[in-house]
Amino acid sequence: MDVQIFGRKKGADSRKVLRFFSERRIRTHFVDIDRKPPSRRELRRFAERYGAEAVIDRGSARYEELGLRAAHLSAERVLERAEEEPRLLRTPLVRWRQRLSIGHDPEAFKTWVAEEGGS
């Protein structure tokens with residue numbers, strides 16, 4: 001039962017999520033989005049659950065650099081841009097079986113572990 005984490009190697013929240021699962025001896029599969037961005041299919045999972053806008057980090061420097069603050073993009077275009085520019089993503093994106101989370105959400109993770117019968 002591996003937890004898949006899409007994040008940045010140097011991202012503080014990504015490290016917190018990795019530590020959370022490591023402390024509970026739950027295997028993780030970390031994907032550094034700077035090296036291998038998530039596929040559109042993977043992004044679509046998060047967008048379907050939380051909405052396309054929730055996947056994007058509107059406070060990121062890359063968002064500003066690309067001039068997206070004034071842009072009015074459709075949900076599909078938001079996903080395309082995130083696939084092209086993984087630094088636009090809110091990270092980490094966490095998936096464990098059918099469960100999803102965006103960002104560091106220890107309460108959700110504790111619920112997941114409890115539902116699995118872990119510590």
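Student: In which sense do strand β1 and strand β3 pair, and over how many bridges?

Tutor: This is a predicted model, in which local features need pLDDT of at least 70, side-chain atom pairs count only at pLDDT 80 or more, and totals for chains, interfaces and linings use all residues. Residues are numbered from 1 along each chain as its sequence is written, and side-chain values use heavy atoms, with hydrogens and water left out.

Strand β1 (residues 3-7) pairs with strand β3 (residues 93-96) in the antiparallel sense, over three bridges; F6 has L93 of β3 as its bridge partner. Strands are DSSP runs of E with at least two residues, and helices are runs of H or I with at least four, numbered from the N terminus. Two strands count as paired if DSSP finds at least two bridges between them.

The open sheet has four strands in the order β2-β1-β3-β4, with mixed pairing. Its edge strands, β2 (28-32) and β4 (99-102), each pair on one side only.

Two helices lie across this sheet. Helix α2 (residues 40-50) lies across β1, β3 and β4, at about 85° to β4. Axes are lines fitted to C-alpha atoms, for helices over the stretch in contact, and angles run from 0 to 180 degrees between N-to-C directions. Contact means heavy atoms within 4.5 Å.

Leaving aside neighbours within four places in sequence, F46 is in contact with residues including V55, L93, V94 and L100.
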